[in-house]
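Dear colleague,

Please find the structure below. My notes on the helices, the strands and the overall numbers follow it.

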Amino acid sequence: MDKADSGNGRPRRPAEPGGGLLMGRPFGVPVYVAPSWFVVAALITWVFGGQLDRVLPELGGARYLVSLFFAVAFYASVLVHELAHTVVALRFKLPVRRIQLQFFGGVSEIEKETETPGREFWLAFVGPLFSLALAGLFYLGLYAVEPGTVPGVLIAGLMISNLIVAIFNLLPGLPLDGGRMLRAVVWKITGRPMAGTVAAAWVGRALAVAVLIGLPLLTHTGALGNSTEDIGGVETVTDALLAAILAAIIWTGAGNSLRMARLREHLPELAARALTRRAVPVEATTPLSEALRRANEAGARALVVVDGRGEPTALVREAAIVGVPQHRRPWVAVSTLAQDLEEGMKVPAELAGEALLDALRAAPATEYLVVEETGEIYGVLSAADVERAFVAAMARPGS
């Protein structure tokens with residue numbers, strides 16, 4: 001299965017630890033193989049090896065080496081599928097964090113949403129298109145090899161697997177490519193990206209139910225070309241387990257797409273100016289009790305330490321103030337409770353939405369100094385306040 005994952009409201013950064021084994025950086029995008037891939041590669045090797053034993057029994061134990069080669073070649077085809085998404089994303093000026101090959105295919109982690117439904121459609125369609133092209137190339141390759149030989153069986157297997165990848169990903173439900181294409185179509189018709197996401201996500205959930213129920217039925221009835229006489233208890237359990245895993249992945253992906261779309265719809269509400277606490281400037285030697293008195297008189301909820309010229313140098317941490325008992329506050333200077341202003345801790349008052357989240361994640365801190373374009377102090381932004389607003393945006397129903 002493939003997903004061109006995008007629009008999570010996260011800043012561009014190196015791939016997180018746990019991404020797996022780094023295989024390279026085509027087009028500057030890191031490609032990782034997740035640990036789960038090795039489980040699937042072993043499973044493909046075992047299953048395909050069993051098929052080879054029926055077609056080419058003379059191979060003996062060497063059939064598993066051939067099967068392993070098939071598993072690697074199949075995921076190389078999946079990588080081509082993902083690279084197609086990546087190249088188009090980069091063409092549209094959309095940063096790609098990484099490509100990860102994992103349990104049921106691959107994921108291209110695209111960090112921003114496309115700006116138009118047309119671009120959304122082509123970004124999604126190009127992956128299945130390349131898989132179809134690979135299937136066509138392998139089909140032509142069959143004319144160059146003898147049927148019933150190792151190359152013939154490998155090329156036929158790769159042709160069929162790429163055709164399945166293309167067809168599966170064209171199913172019109174999120175998080176599949178076909179779901180993103182459906183989202184683009186509904187977006188174009190209604191003019192609302194959220195409407196497209198809702199439609200494609202619910203179709204994705206319907207697909208998950210269909211896979212859960214339909215896949216075991218298709219294999220059990222022989223509709224996929226398998227002989228019903230060969231189906232035993234182990235095969236039945238395996239099919240049901242595979243269907244349950246696929247259905248869970250599709251259902252979860254559709255739900256995540258809905259949540260991310262709802263968040264993106266409300267992201268503009270996360271504005272630095274609206275969330276900033278009013279602050280009063282105090283000198284480093286000012287007693288905490290006096291500083292709090294001034295803040296109360298001014299109706300402020302934050303303290304900024306300034307030098308003799310009135311330039312901000314540090315922020316008094318809210319958690320540190322709470323930890324000082326009332327009777328000691330006249331004897332504690334605000335400088336002992338302050339955090340020096342470091343690079344990235346000054347935030348423009350006009351930042352909002354994704355740009356605000358990018359700025360905060362680039363320089364993690366508990367408080368930030370919010371300044372006007374002129375450099376004048378506007379106030380202090382608490383990371384806790386942003387987090388609460390973020391959670392509230394996530395919980396608010398989509399419009």
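H2 crosses H3 in a right-handed sense, where right-handed means that the near helix is turned clockwise from the far one by less than a right angle, and left-handed anticlockwise. Helix H2 covers residues 63-91 and helix H3 residues 117-141. Their axes lie 8 Å apart at an angle of about 140 degrees; axes are lines fitted to C-alpha atoms, for helices over the stretch in contact, and angles run from 0 to 180 degrees between N-to-C directions. On the H2 side the residues that meet H3 are Ser77, Val80, His81, Ala84, His85, Val88 and Ala89. Their counterparts in H3 include Leu123, Phe130, Leu134 and Phe138, a contact being heavy atoms within 4.5 Å.

This is a predicted model, in which local features need pLDDT of at least 70 and side-chain atom pairs count only at pLDDT 80 or more, while totals for chains, interfaces and linings use all residues. Residues are numbered from 1 along each chain as its sequence is written, and side-chain values use heavy atoms, with hydrogens and water left out.

The average pLDDT (the predictor's confidence in each residue, from 0 to 100) is 86 for the protein, and 89% of the residues score at least 70. Residues 7-17 stay under 50. For that stretch the model has 31 contacts beyond four places in sequence.

The protein has twelve helices and twelve strands. These are DSSP runs numbered from the N terminus, helices (H or I) of at least four residues and strands (E) of at least two.

Strands S10, S11 and S12 form an open sheet in that order, with mixed pairing; two strands pair if DSSP finds at least two bridges between them. The edge strands, S10 (346-348) and S12 (377-382), each pair on one side only. Neighbouring strands in this sheet are turned by 35 degrees against each other on average, direction ignored. S10 and S11 (residues 367-371) are parallel and share three bridges, with Val347 opposite Val370 in S11.

Elsewhere, S2 (residues 21-24) and S3 (residues 31-33) run antiparallel, joined by three bridges. Gly24 faces Val31 in S3. Six residues lie between the strands of this hairpin, and Phe27 has a positive phi near 60 degrees.

Of the 399 residues, 46% are buried, that is, under 20% relative accessible area, against over 50% for exposed and in between for partly exposed (1.4 Å probe, protein chains only). Among contacts with a separation of 6 or more, 64% join residues 24 or more positions apart.

Regards
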